[in-house]
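I opened a new page for this structure today.

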Amino acid sequence: MAQVKNKQVILKDYVSGFLKETDMNIVESSITLKLPEGCNEVLLKNLYLSCDPYTRILMNKPGGPSMGRNYTPSSVCLPLGAYGVAEVLESGHPDYKKCDLVWGFTKWEEYSLVPSTQIHFKIEHTDVPLSYYTGILGMPGMTAYSGIFEVDSLKKGENVFVSAASGAVGQLVGQFAKLSGCYVVGSAGTKEKVDLLKNKFGFDGGFNYKEEPDLNEALKRHFPEGIDVYFENVGGKTLDAVLLNMRIHGRILVCGMVSQYNLSQPEGVTNLISLIYKRIRMQGFIVADFYHLYPKFLEFVLPLIREGKIEYVEDIVEGLENGPTTLVGLFSGQNVGKQVLVIARE
């Protein structure tokens with residue numbers, strides 16, 4: 001039974017406040033590339049790992065706000081958890097065979113032994129980059145799709161605002177909305193990202209929220225008639241300003257609140273009374289509730305990719321040793337597009 005070295009990124013201790021590189025350690029363990037007798041788990045060689053803001057939530061001390069059944073908190077002195085693309089080396093489950101390519105929830109390490117329930121899907125379409133299964137063809141793509149087409153149902157001509165619009169989810173929300181005939185504006189944190197929104201992703205407008213002294217006025221400038229649908233990725237001051245600019249019977253789809261993940265005390269929102277005055281529907285959702293629609297999603301998105309009707313920008317970083325720096329950089333906007341960590345090329 002061959003034993004190999006297994007580089008890992010582990011959580012040193014539960015995190016309070018802003019994430020730091022020193023909250024994680026890079027260690028080297030060993031792993032036997034052979035399943036124990038009678039084991040029904042799956043042994044994976046990780047190829048690509050998804051670097052996502054929600055990973056910060058998993059690093060909180062247990063006992064805080066419940067994350068529900070859809071999130072598995074990280075444990076101290078063990079590898080971080082993450083979505084990823086992997087090759088099956090050996091399987092104790094009949095659904096998976098050696099050399100299958102899969103995507104699902106794995107760990108920040110070179111090799112992982114995981115329950116079969118953490119593998120979401122076999123990868124059947126390899127004419128597109130495998131890294132796409134950490135993004136447009138994986139959890140972020142399903143999040144964008146399920147949010148605007150299942151949780152909500154966009155109507156042609158509606159006004160749509162997307163925060164964190166150049167990120168893994170936001171860039172797709174905007175393009176899906178444009179394909180539906182909507183007017184779309186996004187916010188991002190640099191001029192480069194705003195240019196991407198307008199010149200690559202086809203948004204009708206965009207603004208750098210860091211350069212806007214008054215977010216309320218910025219939204220009024222771009223939405224003089226108000227916002228029909230807001231796809232919420234950041235929370236805090238942006239949500240507060242959006243509430244003032246929603247139209248009557250507007251909808252807010254709550255996907256994430258990245259501005260709050262590093263705060264010991266989350267910011268308050270002062271304009272919630274707008275929910276009453278404007279009869280706004282505000283709904284949170286978790287992508288795992290929609291994975292049963294994955295075949296339908298692939299039928300929708302694969303032709304768009306193959307025909308060049310949708311763009312997807314990735315920010316690729318090589319090497320597990322760069323994982324801590326890359327993860328911390330998400331929260332200061334260092335990434336441009338979907339952040340992907342390459343562990344081993346296919």
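**Entry 1: the sheet**

Strand β9, residues 183-188, is joined to β10 by four bridges, and the two strands run parallel. I keep in mind that this is a predicted model. I then looked up Ala188, and its bridge partner in β10 is Asn208.

Next I asked which strands make up the whole sheet. Six strands form an open sheet, and I wrote down the order β10-β9-β8-β11-β12-β13. The pairing is parallel. I reminded myself that strands of a sheet pair through backbone hydrogen bonds, either parallel or antiparallel.

Which strands sit at the edges? They are β10 (205-208) and β13 (281-284), and each of them pairs on one side only. From one strand to the next, the twist averages 15°.

**Entry 2: helices on the sheet**

I looked for what lies across these strands. Helix α4 lies across β8 (159-162), β9, β10 and β11 (227-232). α4 runs at about 165° to β10.

Then I turned to helix α5. This helix lies across β8, β11, β12 (246-254) and β13. Its angle to β12 is about 150°.

**Entry 3: α4 against α5**

Two packed helices are described by the angle between their axes and the distance between the axes. I looked up both values. The axes of α4 (residues 215-222) and α5 (residues 236-245) come within 9 Å and cross at roughly 45°. That angle makes α4 oblique to α5. The crossing is right-handed.

Which residues meet here? From α4 I listed Leu215, Asn216, Leu219 and Lys220. From α5 I listed Lys237, Thr238, Ala241, Val242, Leu244 and Asn245. I sorted the residues of this contact into five nonpolar, three polar and two charged.

**Entry 4: α1 against α2**

I moved on to another helix pair. Helix α1 covers residues 139-151, and helix α2 covers residues 170-179. They pack at an angle of about 45°, with their axes 9 Å apart. α1 and α2 are therefore oblique to each other. Their crossing is right-handed.

I noted the contact residues too. On the α1 side they are Pro140, Gly141, Ala144, Tyr145, Ile148 and Phe149. On the α2 side they are Leu172, Val173, Phe176 and Ala177. How many residues of this contact are charged? I found no charged residue, nine nonpolar ones and one polar one.

Terms used
Residues numbered from 1 in each chain as written. Predicted model: local features only at pLDDT ≥ 70, side-chain atom pairs only at ≥ 80, totals over all residues. Heavy atoms only, no water. Axes fitted to C-alpha atoms, helices over the stretch in contact; angles between N-to-C directions. Parallel < 35°, antiparallel > 145°, perpendicular 65-115°, else oblique. Left-handed = near helix turned anticlockwise from the far one by under 90°. Contact = heavy atoms within 4.5 Å. Nonpolar A, V, L, I, M, F, W, Y, C, P; charged D, E, K, R; others polar. Pairing = 2+ DSSP bridges.
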